[in-house]
Amino acid sequence: MADKRVAESFSSKNAENGAAPPRKKLMKTDRQAGLTPMEELKEKADRFGLDLIGDSFAKKMDELDHLAPLRKEFILPKMNELPDVDLSLVDKDDECIYFCGNSLGLQPKGLKLYLDAELEKWGKVGVHGHFTGQIPWAFCDEVLAADMSNIIGCKEDELAIMNGLTVNLHLLLMSFYQPTKKRHKILIESKAFPSDHYAVESHIRLNGYDPATSLICVEPRKGEYDLRTEDVLSMIEKEGDSIAVILLGALQYYTGQLFNMPVITKAGHTKGCYVGFDLAHAVGNVELHLHDWEVDFAVFCTYKYLNSGAGSHGGAFLHSKLAQSMEPKLVGWWGHKFKSRFQMNNELELSPGIAGYRISNPSIFATCPLRASLDVFRMTSMAELRAKSMVLTGYLDYLLGHHFGKNSAHRKSKEFITILTPSNPEDRGAQLSLYFSIPIKRIHSEMTKRGIVCDERKPNVIRIAPAPLYCNYMDVWRFMDALQTIMDIAENQPDLDSELD
Ligand SMILES: *Cc1c(COP(=O)(O)O)cnc(C)c1O
């Protein structure tokens, strides 16, 4: 970003003090090239003479996983620490099964050191902390840019860490949504995350248009759960001339579908539309190359797969090709170029690009957790994490199909589970969204009793996300083992109260 050089000179000067604990970069896996995740699982099962569905296979996979040490970098809640766990069913000292990193990532162990250091610094030097110490507070967002740019695939000055996701979306829509009589529509996915939906509608109204005629929602075909890329493209082809902005959740939060971002971006541009993505569920989960894909803008939060803690700063991306051209925007002092920001003469010298969208000074306390988490990401790469994730989620997918698939010969339960998420590993991230043939209230509460942490979407959907940074194969196996008992209970014990709350 514009002030990066300044931030760098501070952090390199202080790096000698060695505040960040040294961490070794992990080795790459000796993966056989060209195998699909399922083929890789089968190849390993054959090679070691193990049955894919047994726990010995899961243990072997964990042994072989060169990313397994990353789990130790996070605090995994113990069974007896979680609310509503029944300690007669589980071992109180066991780690829970945490499949909710799509909603809130776990706490990086390195965080406490960082927070303590900042509290001490504040106590000792007060206002001097802005420009002194290992992380001068005035640059606490900028020192994260290098690591963040590797995760979203952009140049350092194409991203800013600031605000929350929805606030960033508002700030960027302010520039990108400039409706005219001819081009006034915004295209989103049906079932977009409510916050995105509201943000978009509010911009349409603020500009004097009506969502009834200016908002287009692309929907899956009847009887399908996921959007076909071809349907998105044909909507763009048909409506593109009247669309100002295309805004999709890069990875759909409900179904877990990963959209084909480069293809959709290109199609939008062909029709003269701006194309932006909400990366809430994609960042830290799948590989992203926002710069090369020529995405115009993107917004993200950092508390899901990036483990920065509830309500931490989010981020935004603006492609460098637009660095000089996006107006109007809402402006504050933090968008003013560093070199003259503190002259306070009310003559705005705005930083180019996304740095010019920064309004307030960043919170040191909201950036410490992200810094601790990015330290862990730096031990590997998104490519390596994604490779593990595809196999881990593929394993979950396989076991679910084996034990609970509607057409599985091995299914012992009367009820079955349908996976809403695309079956092609390229079209999804870590998460699978499970649709149960019975209401999930009882199922979810039985999961909770057994220390399985996951997210429910009533009446029938449970989202399961084995985040590759800290989840392992035994987590998946333990989950499947418990799920067989749970399905049995749910089938035989009707819910005591109404399902419809
Ligand atoms: C989690 C999530 C958000 C959250 O928005 P905040 O502004 O960070 O509260 C927004 N959009 C999507 C798609 C999400 O999944």
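## Cis peptide bonds

Pro459 is found in the loop between strand S14 (455–457) and strand S15 (461–464), and a cis peptide bond with an omega of about 5° joins Lys458 to Pro459. Helices (H or I, at least four residues) and strands (E, at least two) are DSSP runs, numbered from the N terminus. A cis peptide bond also joins Glu327 and Pro328, with omega about 0°, and Pro328 is found in the loop between strand S10 (314–318) and helix H11 (338–341).

This is a predicted model, in which local features need pLDDT of at least 70 and side-chain atom pairs count only at pLDDT 80 or more, while totals for chains, interfaces and linings use all residues. Residues are numbered from 1 along each chain as its sequence is written.

## Positive phi in loops

Asp84 is not a glycine, yet has a positive phi of about 65°; Asp84 is found in the loop between strand S1 (74–75) and strand S2 (97–98). Asp84 is exposed, with 8 other C-beta atoms within 10 Å. By the criterion used, a residue is buried if 20 or more other C-beta atoms lie within 10 Å of its own, exposed if 12 or fewer, and partly exposed in between, with C-beta atoms placed from the backbone.

Asn346, also not a glycine, has a positive phi of about 60° and is found in the loop between H11 and helix H12 (364–377). Asn346 is exposed, with 7 other C-beta atoms within 10 Å.

The buried residues of H7 are Asp196, Ala199, Val200, His203 and Ile204. Seen down the axis, these buried residues fall within an arc of 135°, so they line one face of H7, the arc being that of the directions from the helix axis to the C-beta atoms. On the other side of H7, Pro194 and Arg205 are exposed.

The buried residues of H7 pack against several elements, among them helix H6 (165–176), strand S5 (185–189) and strand S7 (243–249); two residues are in contact if their C-beta atoms, placed from the backbone, lie within 7 Å. H7 is followed by Gly208, whose phi is positive, near 80°.

In helix H5 (residues 145–152), the residues Ala145, Met148, Ile151 and Ile152 are buried. Seen down the axis of H5, they fall within an arc of 120°, so they line one face of the helix. H5 is followed by Gly153, with a positive phi near 70°.

## Helix packing

Helix H9 (residues 229–239) and helix H10 (residues 261–270) pack at an angle of about 10°, with their axes 9 Å apart. H9 and H10 are therefore roughly parallel to each other, a term for angles under 35 degrees. Their contact is made by Thr229, Val232, Leu233 and Ile236 of H9 and by Val263, Ile264, Ala267 and Gly268 of H10.

Helix H2 (residues 37–47) and helix H13 (residues 382–404) pack at an angle of about 80°, with their axes 8 Å apart. H2 and H13 are therefore roughly perpendicular to each other, a term for angles of 65 to 115 degrees. Pro37, Met38, Glu40 and Leu41 of H2 make the contact with Met390, Val391, Gly394, Tyr395 and Tyr398 of H13.

Key: Axes fitted to C-alpha atoms, helices over the stretch in contact; angles between N-to-C directions. Parallel < 35°, antiparallel > 145°, perpendicular 65-115°, else oblique.
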